[in-house]
Amino acid sequence: MKNEEKKRIVAILDDKLKNEFGVFLTGVEKVELGSLIIKYKCNPLKFTLNRQVIYVLINRSGLRGMTAYEILESLKSSKENAKPASVYRVLDYLTNIGLITKIQSRSKFIVRRFQAEQLMSIFTVCSECGEIDEKTDNFCQLSIAHFIAGLGHQLNDNTVELSVICKKCLVLK
């Protein structure tokens, strides 16, 4: 795809997000969303405007993540007819393609920093402040895969969630 076409797609996207959702994209968000749109353009379930907006909202939440109802409330400020079912459908889509993951202990969604499907992500969740961090480690991935295979099981998810007390909170204690 040529640079001009990519710029055109991003300009259209930027206008739609501003006009329909009141969401103003940063330069980095424009580049990231443009790449994602192009990447998933051939997918039968395209990276629609609603999916883009929800992805941006989750991405902006950073290390805190967002619950489905926090996302719904953010959407309702610009789209009064936003419904929980449509938010959950988008969350399912973004989870299935590996862009986000659900942190089960907090019922929050967070953007995956390491979006390669073959990498295992280890999420640490601070039990004090709720901050979520994502890391990958080949040794841990191989050890867990070997352990699970030794039990005769097969992994169906490539994420691990650990409850921790983060460095910042340890200093405060």
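Me: Which element gives the most to the lining of the second largest pocket?

Reply: Strand E3 does, with three residues. Before we go on, this is a predicted model, where local features need pLDDT of at least 70 and side-chain atom pairs count only at pLDDT 80 or more, while totals for chains, interfaces and linings use all residues. Residues are numbered from 1 along each chain as its sequence is written, and side-chain values use heavy atoms, with hydrogens and water left out.

Me: What makes a residue part of the lining of a pocket?

Reply: A lining residue has an atom within 4 Å of a pocket point; a pocket is an open set of points on a 1 Å grid over the protein atoms alone, where a 1.4 Å probe fits, with protein on both sides within 12 Å along at least five of seven lines. Here the lining includes Thr 124, Val 125, Cys 126, Glu 131 and Lys 168. Strand E3 (121-126), strand E4 (132-135) and helix H7 (167-172) each give two or more residues to this lining. Helices (H or I, at least four residues) and strands (E, at least two) are DSSP runs, numbered from the N terminus.

Me: Why is the pair of Lys 168 and Glu 131 called a salt bridge?

Reply: A salt bridge needs a side-chain nitrogen of Lys or Arg within 4 Å of a carboxyl oxygen of Asp or Glu. The closest N and O atoms of Lys 168 and Glu 131 are 3.0 Å apart, so the pair meets the definition. Lys 168 lies in helix H7 and Glu 131 in the loop between E3 and E4, so parts 37 residues apart in sequence are tied together.

Me: Why does Lys 168 count as exposed?

Reply: Exposed means over 50% relative accessible area, buried under 20%, and partly exposed in between (1.4 Å probe, protein chains only). Lys 168 has 54% relative accessibility, so it counts as exposed. Glu 131, at 22%, counts as partly exposed.

Me: What about Glu 29 and Arg 60: how is each classed, buried or partly exposed?

Reply: Glu 29 has a relative accessible area of 9%, so it is buried. Arg 60, at 41% relative accessibility, counts as partly exposed. Their side chains meet in a salt bridge, at 2.8 Å from N to O. Glu 29 is in helix H2 (residues 27-39) and Arg 60 in helix H3 (residues 49-60), 31 residues apart.

Me: How many salt bridges does a search of the whole structure find?

Reply: Four. One of them joins Arg 112 and Glu 134, with the closest N and O atoms 3.8 Å apart, and both residues are buried.
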